Amino acid sequence: MSAPPGNAHSTPNKPSAGRVRRPVTAYWRAVGVIAWKDLRAEIRSRELVTSMILFTLMTVMVFSLALELDADARQNTVAGVLWVTVVFAGMLGLSRSLAAEKDRGSLDALLLAPIDRSALFFGKMIGNLVFVLVVAGVLMFALTVMFNITLIRPLIVLFVLLGSIGFTTVGTLFSSMSVHARARETLLPILLLPVVLPILISAVRGSTAILNDLPSDDWLPWLQLLVVADVIFLAAGYALFDFVVEE
Amino acid sequence: MIDEVAARPMIEAQKLVKIFGVNPVLRGLDLDVQRGEFLALLGPNGSGKTTLLRILAALARPTSGTVRIGGWELPGEADYVRAQLGVVSHMPLLYDTLTAEENLLFFARLYDLPRGERRDRVHTMLRRVGLHRRARDVVRTFSRGMVQRLAIARAVLHDPAVLLLDEPYTGLDQDAAALLDDLLGEVAAAGRTVIMTTHDLRRGHALADRIAILSRGTIVYDVSCHAVAAADLPGLYADVTGAVTTR
């Protein structure tokens, strides 16, 4: 039997001498630990990335067979195909990422950890970003083969990186909002698509200008818009995640 | 200031109200738990036990009322509160695609256990809950009882000052239940503060220092275990909750 009520014990590790400030895990270490856990779990299960890549390859095949385009038309549409596919494949992964944590209860385990909630947000966001970038890499290779256009260029890669950061940032925030809802798979695209529109438009326009070898005046403003959108979305995720995940 | 804080209860909840939609779950609940005290929280389904534990664990915000744990106030100082808490809930709060060892190492990192001590602590806990031979097996291959034992190891891994246990015996076989009895006895003897919700009146009486009965969102009965015989508890429980019980 344990001690009677009110009997305070005294060991150095207990708060019997008043408020004990137990260590709160360092911010960026917590971010890294969460992102690494997601990557490790995905490497083990291959659930998310496999389904995203399969969806991506199917979509590319459908587009390449359905749109019989000449060289010029391909040049002007391939960026659109790239980004629409990235967004829809990304939504597949985003909707499962936090939903899986919620369903098996591990989201509570993360929320119980002595870390800033925004560190949890950035950890999940980085994990999602890696998945989206892997899918985007496969997609660029597939489009290069199927559309016979070289997409793997440094500036296109930069657009993909910046666009993916903005998309996964707002996607992670919205998937954590919709994770408590019953119709979360439907709710996520409805919430997400209007908000990612500036990213989608900037990325498509900028990428198309680069593929058509246009001068920097034609793609630089879109790149700048992407950077601004990324900064705004990252700030919003940092500020809002705590309110979004709490009951 | 320190003496003043040390003299206060470890857990203080005052006038807690929680309303989901139009349904009040907690109705002005007051609860103090002293340092080193083991409180068994009894009550019928839907009486608000889990909601109360979720508020104390900083997983949910009360609609109104105040909560202080170890002198830290929720929600403003939630990071410091969470660092002191170990929680076992209905859900295992584990990752089924990771091994038992990987799960505990992940939480050891998240709770910022010293790098040099992590592996030793993880293996000590795995041995303590009888899972050291399954350390390298993924959790999805475990039985319900083994998962629950691992969940208990996760909850006490960082040696928390306060343990919140929501029906921890659910799904445990005889051996695992006996193991949990021993573990909780050790935790209580080490002076940790424990709140455990349970429907098992005899076990609650045997383990705890004090029993509180929750009904319709308020504490309707609160008594030291020394002041009530285990045999009288079922009748007393039925009287105050209106429930029919044979335990």
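Visitor: What do the buried residues of H6(B) pack against?
Guide: In this predicted model, the buried residues of helix H6 of chain B pack against strand S6 (85-88), helix H4 (100-110), helix H5 (115-128), strand S7 (162-166) and helix H7 (174-189) of chain B. Buried here means 20 or more other C-beta atoms within 10 Å of the residue's own, with C-beta atoms placed from the backbone, and contact means such C-beta atoms within 7 Å.

Visitor: How many residues of H6(B) are buried?
Guide: 11 of its 13 residues are buried, among them Met146(B), Leu150(B) and Val156(B).

Visitor: And what about the open sheet, in which order do the strands come?
Guide: The order is S2-S1-S4-S5 in chain B, with antiparallel pairing, and the edge strands are S2 (23-33) and S5 (72-74), each pairing on one side only. Strands are DSSP runs of E with at least two residues, helices runs of H or I with at least four, numbered from the N terminus, and two strands pair if DSSP finds at least two bridges between them.

Visitor: How many bridges join S1(B) to S4(B)?
Guide: 5 bridges join S1 (residues 11-20) to S4 (residues 64-69) of chain B, and the partner of Ala13(B) in S4(B) is Val67(B).

Visitor: Switching topic, which residue takes a positive phi in the hairpin of S9(B) and S10(B)?
Guide: Arg216(B) does, near 50°, in a hairpin with 2 residues between the strands; S9(B) and S10(B) run antiparallel and are joined by 6 bridges.

Visitor: How are residues and chains labelled?
Guide: Residues are numbered from 1 along each chain as its sequence is written, while chains are lettered from A and ligands numbered from 1 in the order in which they are written. Local features need pLDDT of at least 70 and side-chain atom pairs count only at pLDDT 80 or more, whereas totals for chains, interfaces and linings use all residues.

Definitions and conventions. Buried ≥ 20, exposed ≤ 12 C-beta atoms within 10 Å, placed from the backbone. Contact = placed C-beta atoms within 7 Å.
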